[in-house]
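Subject: Handing over a structure, with notes

Dear colleague,

I am passing this structure on to you, and I would be glad if you looked through it alongside the notes that come after it.

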Amino acid sequence: GAVADAVAAVDGVAKVLVADDAAYEHSIAENITALIEKIQGGSSYSHIVAASTASGKNFIPRVAVKLDVAPLTDITAVFGEDSFERPMYAGNAVAKVTSKDKVKVFTVRTTSFEKAAAEGGSAAKEDVESAGDAGK
């Protein structure tokens, strides 16, 4: 749909996965977690990232548990594939952390990063099979 088209046009985006199912309409954590777990099982992505929003902070720890990795929260900088910066002690200290987990699962503080150009990209869109509604 329109959201997938807009994301595919963002400069730097390589691929957009589209799961069009009513189960994801309200961002229920159990449904999103099942979908990510299903996609990861067939693809083996190295990083799974969400914005540090109420929704992202709800499903990212669940995804990390399912993948048996430690979640990182509120990332404010990326230094490399496995090295990040995150605030600690209510923001009174900043730590550089390294994750040796096979899959890095984390949330990012979106205001800590420059906004990507909304145009200039031409990512491929790929439909993915729904994991369904975990409550049914």
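This is a predicted model: local features need pLDDT of at least 70, side-chain atom pairs count only at pLDDT 80 or more; totals for chains, interfaces and linings use all residues.

Residues are numbered from 1 along each chain as its sequence is written, and side-chain values use heavy atoms, with hydrogens and water left out.

The largest pocket has a volume of about 1500 Å³. A pocket here is an open set of points on a 1 Å grid over the protein atoms alone, where a 1.4 Å probe fits, with protein on both sides within 12 Å along at least five of seven lines, and lining residues have an atom within 4 Å of a point; the volume is the space filled by probe spheres set on the points, which are joined across faces, edges and corners. Its lining consists of 35 residues, of which Val 7, Val 16, Leu 17, Val 49 and Ala 50 lie nearest the centre. At least two lining residues come from each of helix H1 (2-8), strand S1 (15-18), helix H2 (29-43), strand S2 (47-51) and helix H3 (54-67), where helices (H or I, at least four residues) and strands (E, at least two) are DSSP runs numbered from the N terminus. By residue class, the lining of this pocket holds 23 nonpolar, eight polar and four charged residues (Ala, Val, Leu, Ile, Met, Phe, Trp, Tyr, Cys and Pro count as nonpolar, Asp, Glu, Lys and Arg as charged, and the others, Gly among them, as polar).

A search of the whole structure finds one aromatic pair, that is, rings of Phe, Tyr or Trp (its six-membered ring) with centres within 6.5 Å, called stacked if the planes are under 30 degrees apart, edge-to-face if over 60 and tilted otherwise. The pair is formed by Phe 84 and Phe 106 and is tilted, with 4.8 Å from centre to centre and 50° between the planes. It links distant parts of the chain, since Phe 84 belongs to strand S5 (residues 83-88) and Phe 106 to strand S7 (residues 104-108), 22 residues apart. Phe 84 is buried at 1% relative accessibility, and Phe 106 is buried at 5% (buried means under 20% relative accessible area, exposed over 50% and partly exposed in between, with a 1.4 Å probe and protein chains only).

Asp 68, in the loop between H3 and strand S3 (71-75), has a positive phi of about 60° although it is not a glycine, and Asp 68 is exposed at 69%.

With kind regards
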